[in-house]
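This report goes through one structure in plain terms. Please look at the sequence and the model first, then read on.

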Amino acid sequence: MTTQPLSSTAGPPCDISNMSYAGPVVAFDNVYKIYGKGESEVRALDGVTLQINAGDFVAVMGPSGSGKSTCMNILGCLDVPTSGRHLFKGVNVSDLDRDQRALLRRHFLGFVFQGFNLLARTTALENLELPLIYRRIDKKTRREMAMEALRVVGLTGREHHTPSELSGGQQQRVAIARAIVTQPSLLLADEPTGNLDSARSHEIMELLTKFNREQGLTVVLVTHEEDIAAFAHRRIEFRDGKILRQTDTRKPR
Amino acid sequence: MFANTLLMCLREIRRNLLRSGLTVLGIIIGVAAVIVIVTLGAGTTKQVQEEIGKMGSNMLVLSPGGERRMGGAATTSAPFELADLTAIRREVNTLSGATPVNMRPMQVIVGNENRRVNIMGTDNDFSTVRNWKVTEGRLFMPSEMKSGKAVCIIGETIKKDMFAGQTPLGATLRIGKVTCNVIGVLEPKGQAMFGGDQDEIIAVPIAMFQRRLSGKTSVDSIYISANSEDEIVEAKAEVEKLMKERRNIGEDGQVDFNVRDMKEVSNMVQSTTGVLTGFLSAIAAVSLLVGGIGIMNIMLVSVTERTREIGIRMAIGATEREVLLQFLVEAAMLSAFGGLAGITLGLLGAAGLAPVLNVPFTLQFSTVFTAFAFSAMVGVVFGYMPARRAARLDPIEALRHE
């Protein structure tokens with residue numbers, strides 16, 4: 001597939017929105033991320049090759065400094081590899097400039113963070129509308145989509161609450177609603193349950209599992225916790241910038 | 001998208017209302033100062049022009065002294081004589097009138113009223129030359145002119161203040177030691193160019209002035225009116241030529257008199273006002289500059305405070321340009337609000353100051369518009385650096401920011 005650079009600042013990049021693309025959502029081909037030079041050189045990613053397919057539910061694990069955060073940054077097109085290829089739906093992300101990567105995130109990626117990262121003093125509804133505003137979706141449709149997403153995460157009635165008026169679990173649900181309201185091709189969750197108690201954590205994971213199962217949402221999540229990783233179908237463990245092992249954890253249901 | 005950006009910025013400004021207000025204080029003060037200065041300056045200019053219109057724009061003033069500026073030091077050059085006036089009337093035919101004007105402030109007493117008034121020794125031509133009618137009574141009679149009889153024509157203010165508004169015709173007043181019959185009242189002229197009251201004046205026959213008040217036979221200045229405004233240059237040249245002959249000044253001789261037309265006077269006043277307005281505006285512009293720096297400072301703080309928000313926006317898919325625009329619009333909006341507040345304040349200030357300074361209040365839309373555009377521009381210029389800093393943030397770093 002030819003990889004024409006994204007050009008339009010408004011519409012979705014046409015070559016990526018090609019519906020006929022059937023390959024993996026993401027492919028890392030011998031990806032290196034190296035910080036510093038010479039003696040102080042740090043290999044955050046040291047020759048990583050992996051593949052994430054549509055409908056996957058992947059847990060990325062590993063101790064701090066193992067390279068999993070770097071891996072997530074590159075997956076999220078917030079960063080580019082030093083060498084090697086990062087293909088998103090067949091497009092080499094390294095060929096894209098900053099704005100093109102922003103457009104790629106806008107149209108194809110959803111983010112959920114450990115710290116929720118909602119806009120403070122901004123209502124749940126407005127938080128959800130934000131990605132839709134950047135997508136130039138008109139006000140009426142935007143409102144409908146945001147309300148629907150809030151309903152799906154079970155927060156109907158809370159649309160005018162600001163983050164400070166919501167509990168941690170509720171804030172994370174708003175964050176998930178914000179990530180899925182644009183129907184992304186890939187949802188990246190960086191320790192989404194890190195700030196929550198175990199009951200709340202399980203609720204959040206059930207929500208993600210639901211989206212994965214019912215809508216075929218591709219999910220990659222970073223976690224330290226075994227029980228959280230157990231929700232995923234596949235586990236990728238990092239150690240010293242390398243993939244230690246990949247395990248299929250799909251349980252027969 | 002732009003509407004959304006505007007809404008977003010409005011919300012952000014409202015969120016920090018106090019801080020936003022303090023931030024734009026510099027802009028408010030700067031714009032208000034500019035508006036007050038320019039409005040009052042324009043009022044003064046307008047007033048001067050009206051004044052000159054009233055005096056007659058085809059008037060020339062012949063006065064002794066060389067290339068003397070208005071308000072400059074008086075020179076010791078020879079004064080004029082009544083013979084000069086006669087010569088001008090006879091020789092120059094582009095004139096509609098010429099009149100001697102000797103001015104001197106003197107003590108005037110009417111009953112218990114006692115005040116210093118400008119006494120003008122002149123003849124009947126002053127009415128034509130200065131376009132100044134007598135509303136009550138009459139002008140001087142030839143016999144009164146010749147004999148220097150103690151009669152006078154008083155200004156409106158004298159009538160109002162010293163005769164309590166009653167008709168003064170037939171009454172007497174004392175100028176110094178001379179008792180004078182009032183024979184007429186002049187029409188009101190209002191404020192003079194430099195704030196004095198033109199109606200606080202008493203006109204007496206020039207002969208009476210010379211013999212009984214000053215004791216000299218000189219004529220201080222001669223007011224001349226040309227037939228029309230078009231002939232003013234010609235008239236001026238003729239008067240100059242004649243006076244040079246009469247004073248025996250050769251081609252390269254030192255000219256010890258000057259003939260000024262009202263346009264020169266008007267230009268002089270306008271350039272003085274212009275310099276002053278410009279100078280004060282420059283000070284006000286410094287205030288705008290300081291205001292702009294204030295905005296830049298607060299926007300920088302805002303960018304630092306909202307680093308995380310910027311990171312979120314970038315992760316969600318905001319491009320550099322969109323982040324830049326957001327902060328730029330916010331800064332521009334902030335200073336435009338400041339501009340609007342400054343304009344309101346400035347216009348109120350000017351309207352309040354105008355009567356105190358005896359200047360007409362003139363609303364100039366061009367000034368208001370320029371001030372507004374300039375204040376918005378200050379926001380864009382000084383908001384650019386912080387906005388660019390925001391746009392250039394690394395989303396990974398920004399998201400990690402606490």
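Helices (H or I, at least four residues) and strands (E, at least two) are DSSP runs, numbered from the N terminus. By that numbering, Asn131(B) is in the loop between helix 5 (125–129) and strand 4 of chain B.

This is a predicted model, in which local features need pLDDT of at least 70 and side-chain atom pairs count only at pLDDT 80 or more, while totals for chains, interfaces and linings use all residues. Residues are numbered from 1 along each chain as its sequence is written, chains are lettered from A and ligands numbered from 1 in the order in which they are written, and side-chain values use heavy atoms, with hydrogens and water left out.

**Backbone and loops**

Most residues other than glycine have a negative phi. Asn131(B) is not a glycine, yet its phi is positive, about 55°. Its relative accessibility is 37%, so Asn131(B) counts as partly exposed. (Buried means under 20% relative accessible area, exposed over 50%, and partly exposed in between, with a 1.4 Å probe and protein chains only.) Arg136(A), also not a glycine, has a positive phi of about 60°. Arg136(A) sits in the loop between helix 3 and helix 4 (139–152) of chain A, and at 34% relative accessibility Arg136(A) is partly exposed.

Another loop residue is Ser218(B), placed between helix 8 (206–214) and strand 9 (221–226) of chain B. With 12% relative accessibility, Ser218(B) is buried. Contact here means heavy atoms within 4.5 Å. Residues up to four places away in sequence aside, Ser218(B) touches Pro79(B), Phe80(B), Glu81(B), Asn102(B) and Gln210(B).

**Salt bridges**

A salt bridge is a side-chain nitrogen of Lys or Arg within 4 Å of a carboxyl oxygen of Asp or Glu. Over all chains there are 35 of them.

| Residue with N | Residue with O | N to O distance |
|---|---|---|
| Arg173(A) | Glu203(A) | 2.7 Å |
| Lys159(B) | Glu136(B) | 2.6 Å |
| Arg313(B) | Glu309(B) | 2.8 Å |
| Arg98(A) | Glu320(B) | 2.8 Å |

Glu203(A) is partly exposed, at a relative accessible area of 32%.

In chain B, Lys159(B) pairs with Glu136(B) in a salt bridge. Lys159(B) belongs to helix 7 (residues 156–162) of chain B and Glu136(B) to strand 4 (residues 134–137) of chain B, so parts 23 residues apart in sequence are tied together. Both Lys159(B) and Glu136(B) are buried.

Arg313(B) and Glu309(B) are four residues apart in helix 11 (residues 307–316) of chain B, a separation of about one helical turn. Arg313(B) and Glu309(B) are each buried. They also take part in a network of salt bridges that links Glu12(B), Arg306(B), Glu309(B), Arg313(B) and Glu330(B).

**Where the chains meet**

The contact between the chains uses 26 residues of chain A and 27 residues of chain B. Buried area is the accessible area (1.4 Å probe) that two parts lose on being put together, summed over both. Between chain A and chain B this area is about 2400 Å², and carbon and sulfur atoms give 55% of it. On the side of chain A, the residues that lose the most area to chain B are Arg98(A), Asn117(A) and Tyr134(A), together 27% of what that side buries.

Four salt bridges cross the interface of chain A and chain B.

**Nonpolar cores**

In soluble globular proteins, nonpolar side chains tend to be buried together. A nonpolar core is a set of buried Ala, Val, Leu, Ile, Met, Phe, Trp, Tyr and Cys residues joined through side-chain atoms within 4.5 Å. The largest one has 70 residues, and Phe28(A), Leu75(A), Phe88(A) and Val220(A) have the most contacts inside it. Helix 12 (residues 320–356) of chain B gives the largest share of this core, nine residues.

Neighbours within four places in sequence aside, Leu75(A) is in contact with Val26(A), Phe28(A), Ile52(A), His86(A), Leu109(A), Leu186(A), Leu188(A) and Val220(A).
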